[in-house]
Amino acid sequence: MIKPFKRAMITVSILMPAFNAAHTIDAAIASVCAQNERDWQLLVIDDSSTDATCEIVSARAQTDPRIQLLHNTGPRGAAFARNTGLEVATGRYIAFLDSDDQWLPDKLTQQFALMKETGAPLCYGGYYAKREAGPRNTISVPPHVTYEQLLRGNVIGCLTAIYDTKICGKVPMPPLKRRHDFALWLQILKTHGPACGVTHPVAVLRLASGTLSSNKLTSSYDTWRMYRDVEKLSAMTSAVYLFRHLTQRIWRYRKL
C-alpha cells in the first residue's frame, strides 16, 4: 500500500465526477495512478450511480489512500459534483478528469513545469480524441490563450485543465448543466490573465454518442446563454462570438 503524504497541502487535487461509469472508471483511475507526479489526491464524486461505480472506486481506495470517494445526494450533474470535490480538495493545484477519459503518464509533470516557467494561473494541453471503434485523432491547442481569444471558442479541454489556487483561490464552476467548464476558464482568464498550453497531447478523450456534447443545437444554445447570463455580453457581441465558436466546433468535428 502507498503511504499517504503528510503535508498540509499536497501538490494537486484531481476532481472526477462519476455517474454509472463502471465500464470506464477503473481505466481513468489507473491513468492517474500511472502519473510520474506522485503527490496527488484523487476525489471521485459519485452522482448517485446505480451500477458498480462505487464498488470499483472503493476497491481502488482501499489500496491507495490518495483516492477518496465522495457522494452527492441525488443526481446533481457534473458541475455540482466537481464543486463538491472542490470543497474537500487540499491541493495547491486543481485538475479535472472525467470518469471515461484518461491521462498520459507525464501529463501533470509537463504542465507543472510550464506553469512554473510562465507563472500562468491556468494550464491546458492537447489531447487525443477517440471513439470506441476507430483511430484516435489529435486535437492541437495554441501555446497560450487570452480571455478575448477564448471567447471566440473554447480551446481548453476540461480533461487537461489545471489551475493554481495560490493565484486564483478555489474557484467553483458556475451552476450550469453545460458550458460550466468554459465559463470557469473565462472567469479565471478575465481575472488573472492568459493561460498557457502544452501543445502536444497529454490526455485521451473518449468520444461516445449520446453525451451532453453530442447535441450541437442544444450545446449552441447553452453557449449563447453562457455568453449572455454569465459573461453579461450584449446580444450582438454574443452573436459574433457564438458564430466564431460554432465555426471552430464545425472544423473540429469534421476533423474527427
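These legends describe close-up views of one predicted protein model.

In this predicted model, local features need pLDDT of at least 70 and side-chain atom pairs count only at pLDDT 80 or more, while totals for chains, interfaces and linings use all residues. Residues are numbered from 1 along each chain as its sequence is written, and side-chain values use heavy atoms, with hydrogens and water left out.

View 1. Helices (H or I, at least four residues) and strands (E, at least two) are DSSP runs, numbered from the N terminus. The protein has 256 residues, and 51% of them count as buried. Buried means under 20% relative accessible area, exposed means over 50%, and partly exposed lies in between (1.4 Å probe, protein chains only). The accessible surface comes to about 12000 Å². Carbon and sulfur atoms hold 57% of that surface. These areas come from the Shrake-Rupley method with a 1.4 Å probe; for residues, only the protein chains shown count as cover. Now take the contacts between residues at least 6 apart in sequence: 80% of them join residues at least 24 apart. Contact means heavy atoms within 4.5 Å.

**View 2. Strand S2 is mostly covered.** S2 spans residues 40–46, and seven of its seven residues are buried. Which way do its residues point? Trp40, Leu42, Val44 and Asp46 point one way. Gln41, Leu43 and Ile45 point the other way. In a regular strand the side chains alternate between the two faces of the sheet.

**View 3. S2 pairs with strands S1 and S3.** Two strands pair if DSSP finds at least two bridges between them. Seven bridges join S1 (residues 10–18) to S2, and these strands run parallel. Pro17 stands opposite Ile45 in S2. From S1 the chain crosses through helix H1 (residues 25–33) to S2, and this β-α-β crossover is right-handed. Right-handed has a clear test: with the strands pointing away from the viewer, the path from the first strand over the helix to the second runs clockwise. S2 and S3 (residues 67–71) also run parallel, joined by five bridges. Here Leu42 has Ile67 in S3 as its bridge partner. S2, helix H2 (residues 53–63) and S3 make a right-handed β-α-β unit too.

**View 4. Helix H1 has a set of buried residues.** They are Ile25, Ala28, Ile29, Ser31, Val32 and Cys33. What covers them? The cover includes S1, S2, H2, S3 and strand S5 (102–103). Look closely at Ser31, which lies in H1. Ser31 is buried, with a relative accessible area of 6%. Leave out residues up to four places away in sequence, and Ser31 touches Leu97, Gln102 and Trp103.

**View 5. Helix H3 also has buried residues.** H3 spans residues 78–88. Its buried residues are Ala79, Ala81, Arg82, Asn83, Thr84, Gly85 and Leu86. Their cover includes S1, S2, S3, strand S4 (91–96), S9 and H7.

**View 6. Strand S6 pairs with S7, S9 and S10.** S6 spans residues 122–131 and is mostly covered, with eight of its 10 residues buried. Which strand pairs with S6 in the parallel sense? Strand S10 (residues 195–207) does, over eight bridges. In S10, Val198 is the bridge partner of Gly125. S9 (residues 162–164) pairs with S6 in the antiparallel sense, over two bridges. Leu122 stands opposite Tyr163 in S9. S7 (residues 136–139) is antiparallel to S6 as well, with four bridges. Tyr128 has Thr138 in S7 as its bridge partner. S6 and S7 form a hairpin with four residues between them. In the turn, Gly134 has a positive phi of about 130°.

**View 7. Asn20 and Arg179 have positive phi values.** Neither is a glycine. Asn20 sits in the loop between S1 and H1, and its phi is near 50°. Is Asn20 buried or partly exposed? Asn20 is partly exposed, with a relative accessible area of 26%. Arg179 lies in the loop between helix H6 (165–168) and helix H7 (180–192). The phi of Arg179 is near 65°. Arg179 is buried, with a relative accessible area of 13%.
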